[in-house]
Amino acid sequence: MKQCEGKCGTAEQEKKLKAVIEESRSTPGCLMHILQEAQGIYGYLPMPVQKTIAEGLGISLSEVYGVVTFYSQFSLNPKGKHRISVCLGTACYVKGSDKILEEIEKELGIKCGECTADGLFSIDSCRCVGACGLAPVMMVGDEVYGKLTPDKVKGILDEYRRADK
């Protein structure tokens, strides 16, 4: 899945976004709220969506982009149905989480921050999931997988692949 160009999403999504902008635009400081709603509608914040928000609020695209790129809760790239997050915090990294991340990237054929072409998986890293005793750790959605080794990665991913057939 690549970043959309020009128009993004469906007519229904665009209608929802414009309604959110219209009902929020008179509220001071509404940009964060609108961005959160837009990400909920589209799943990420591609440039055409940011442009629609900027135009709807009468502010510059660079102001919208600055907020989107400052806060880690916002994503410029599409996310997969199954969001993988590999912990690269100290405890996990010392126990080899970098090797886990490399194996996931190899298995899925994408890099951290990307989404598979079929939209099934996306990979991100984080600094700590609070499961240091299980290091190294990755999460798929809300499911935590601990005490990982690179050879366990394929089996975990295959479980999700089978479930989606």
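1. Aromatic pairs: there are two of them here, counting rings of Phe, Tyr and Trp (its six-membered ring) whose centres lie within 6.5 Å, with planes under 30 degrees apart called stacked, over 60 edge-to-face and the rest tilted. F70 and Y71 make an edge-to-face pair, because their ring centres sit 4.9 Å apart and their planes meet at 85°. F70 is exposed at 64% relative accessible area, while Y71 is partly exposed at 35% (buried is under 20%, exposed over 50%, partly exposed in between, with a 1.4 Å probe and protein chains only).

2. Before going on, note that this is a predicted model: local features need pLDDT of at least 70, side-chain atom pairs count only at pLDDT 80 or more, and totals for chains, interfaces and linings use all residues. Residues are numbered from 1 along each chain as its sequence is written, and side-chain values use heavy atoms, without hydrogens and water.

3. Y145 and Y160 are also edge-to-face, at 6.5 Å between centres and 75° between planes. Y145 belongs to strand β4 (residues 143-145) and Y160 to helix α7 (residues 150-163), so this pair ties together parts 15 residues apart in sequence. Helices (H or I, at least four residues) and strands (E, at least two) are DSSP runs numbered from the N terminus. Y145 is buried at 15%, and Y160 is buried at 15%.

4. Have a look at S122 too, in strand β2 (residues 121-126). S122 is buried, with 1% relative accessibility. Leaving out residues up to four places away in sequence, its contacts (heavy atoms within 4.5 Å) include K79, H82 and E114.
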